[in-house]
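Hi,

Here is the structure I promised to pass on. Have a look at it first, and my notes follow below.

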Amino acid sequence: MIELKNIVKNYYSGDVETKVIKGIDFKFKKGEFVAIMGPSGSGKSTLMNIIGMLDSPTSGNYLFNKRDISKLDDQELADIRLHSIGFIFQTFNLLKRTTVLRNVELPFIYSKKPKDTCDREELAKKALVKVGLGDKEIWYHLSNQLSGGQMQRVAIARALVNNPDLLLADEPTGNLDSKTGEIVLSTFEKLNKEQKISIVMITHEKEIAEFADRIIHIKDGVITDDYKNTKKRTSNQGLTL
Amino acid sequence: MLVKDLIKETYFALNANKGRSVLTILGIVIGIGSVIAMISIGQGAQSSITESIESNGTNVLIISPGQQQSFGPVRSGQGTADSLSNDDVEAIKELDDIVAVSPEVSSRYQVTSKESNTNASVYGVESDYFVVKEIDSQVGTLISSIHVKNSSKVAVLGSTIAEDLFGEDVNPVGDSVRINNLNFKVIGVIESTGTGFNSSDDSIFVPLSVSQRYFTGNEILSSISLKVNSSELMDQVEVDITNMLLMLHGMSSEEDADFNIGSSTEMIEMASSVTGTLTILLGAIAGISLLVGGIGIMNMMLTSVTERTREIGLRKAIGAKNKEISLQFLIESATLTLIGGVVGIVLGWVISIIITKFFDMNTSVTLYSVVLSFGVSVVIGIVFGYYPARRASKLNPIDALRYE
């Protein structure tokens, strides 16, 4: 599904060149749950932005569902993000003073389907049920009235409504305490297991990475380790943070 | 983006900052309102001037003498030559399509009654003067051909002069006035002709023959007015008179002409160009406030883009295209100006009605000014919204999402 070949990313500020990613090769199959681990400044966020097509590599090839991303223009990239990728951020990025339902329905504005308001609501409610927010009362709450765990699950529901192939989560539990973090992680677990949704999650915490099937370590812009997680945690084991 | 979604998003965005939206709209309301009100004042002035010219007779041609011809470089102004005389009038009367011809001699004299005295324009006229200018008497009679023939020392007063000399609500008919040390019997007062610049209210009329015999002592005329049968014939009659007067005065080409022919239509055109300039000037002054309102829109939109940087980043990450982001901001600013425009038109209209009611000034709100300011307000929304919208659409989503 995703194939990165010798990806390099340099940033320039004036004449100074900073090498953030120094040649990464990485393959990712459909249905996988991968955690990318690394200390801050290791280039993991940049890698995630490249995978999410928010950023383009300085050199190297990126194939997404066998399409060469470097040959696509901004419009086509936006289309792929719209239909195939769901983003989840550390800071949730919900629209303030806006109901939960409207937040989840946001992607429909750009995908233009379904056109009908009721159909949209139906799909949004389904997505909310999937992330464990089946309580009707909560759907009409404003986003800023929710707890952190609820906010992140609303964000996950928003990422799910257009049925993406891939969920990209950047430190999804970074702003949550361990208990609510666990709820979010168990949501990922469930989505991956039951809905076969592929997930790439970035984190710097080992305990959280251990929820994934596969763990990749990045340091100074190169992959230092890539292994199958044999000690896979599940949510009922609890987090010890 | 669907139109439905665009409308909803715009509503939510503007509603989220109600106070700010309302204040920004207010800037446009004041701008558009003052443009509408100012243009209505200009247009009103134009129509009242046109009306006042038309009130002094329609289809009227006025022949005035040309410049004083002299040797050397010194030339006097128009109308100073002694080139028109009674003979010209007799000749013009022979021409076709003319209803009435009115020769005039005018000059200012000190006029005294028993009670008071004043300085007034004294016109030596024939009976046709009142036909050409469409003036009726208020009390008494007007100057008749018999008065002219007999050189009777009679005078017809303008309404203001009658008040000045005899006091308000006093019928002066039968009394006498002294003009240039000659006694004249007042035979009538004309109706008020309004306050326009062609008003005859402060004039005194005496028979032409009297004026020429006792005041000027010659047969020279100040001007000749004439009324043409219909407006279509004006040009033809003007050509006929020109040719005939050139012949009478022994001249071969129009460039040598020692007279000018003007028509009421020309005067209206001239007045229109003056009031047109006035309207533009007033509109331009009001336009400045509209411009300031537009800058207010831009200011608000720029603030809004900055505040919503993260939201824009999120929308882009979700899959919004640059076009869709900029369209959303453009529609927001156009909506602000559209609302401002509509309210402003209503406000301007109300102001012009108030001006008419309380300041006794003629105003007129025309479809043209409404359409113009409506269009201008939308254009302002798009022009001043364009830069903020472009800025929003060009935001890098990664930086935007990290923006604090």
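Let me start with how the two chains meet: the contact draws on 25 residues of chain B and 26 residues of chain A. Please keep in mind that this is a predicted model. Between them, chain B and chain A bury about 2,400 Å², with 56% of that on carbon and sulfur atoms. On the chain B side, Leu314(B), Ile318(B) and Lys321(B) supply 23% of the area buried against chain A, more than any other three residues.

In one salt bridge, the side chains of Arg102(A) and Glu9(B) come together at 2.9 Å, N to O. The interface also has 10 residue pairs in polar contact. Helices H1 (3–16), H10 (309–318), H11 (322–359) and H13 (397–402) of chain B each give two or more residues to the side that touches chain A. H10(B) gives the most, with 7 residues. By type, that side of chain B divides into 11 nonpolar, 3 polar and 11 charged residues.

Within chain A, there is an open sheet of 6 strands in the order E6-E7-E8-E3-E9-E10, with mixed pairing. Strands E6 (85–88) and E10 (222–228) of chain A stand at the edges with a single partner strand each, so one side of each has no neighbour in the sheet. Strands E7 (166–170) and E8 (198–203) of chain A pair in the parallel sense over 5 bridges, and Asp170(A) has Ile202(A) as its bridge partner in E8(A). Helix H7 (178–194) of chain A lies across E3, E6, E7 and E8 of chain A, and runs at about 155 degrees to E8(A).

Best wishes

Conventions: Residues numbered from 1 in each chain as written. Chains lettered and ligands numbered in written order. Predicted model: local features only at pLDDT ≥ 70, side-chain atom pairs only at ≥ 80, totals over all residues. Heavy atoms only, no water. Contact = heavy atoms within 4.5 Å. Buried area = accessible area lost by both parts, 1.4 Å probe. Salt bridge = Lys/Arg side-chain N within 4 Å of Asp/Glu carboxyl O. Polar contact = N/O pair within 3.5 Å; in protein donor to acceptor, adjacent residues only side chain to side chain. Helix = DSSP H or I, 4+ residues; strand = E, 2+ residues; numbered from the N terminus. Nonpolar A, V, L, I, M, F, W, Y, C, P; charged D, E, K, R; others polar. Pairing = 2+ DSSP bridges. Axes fitted to C-alpha atoms, helices over the stretch in contact; angles between N-to-C directions.
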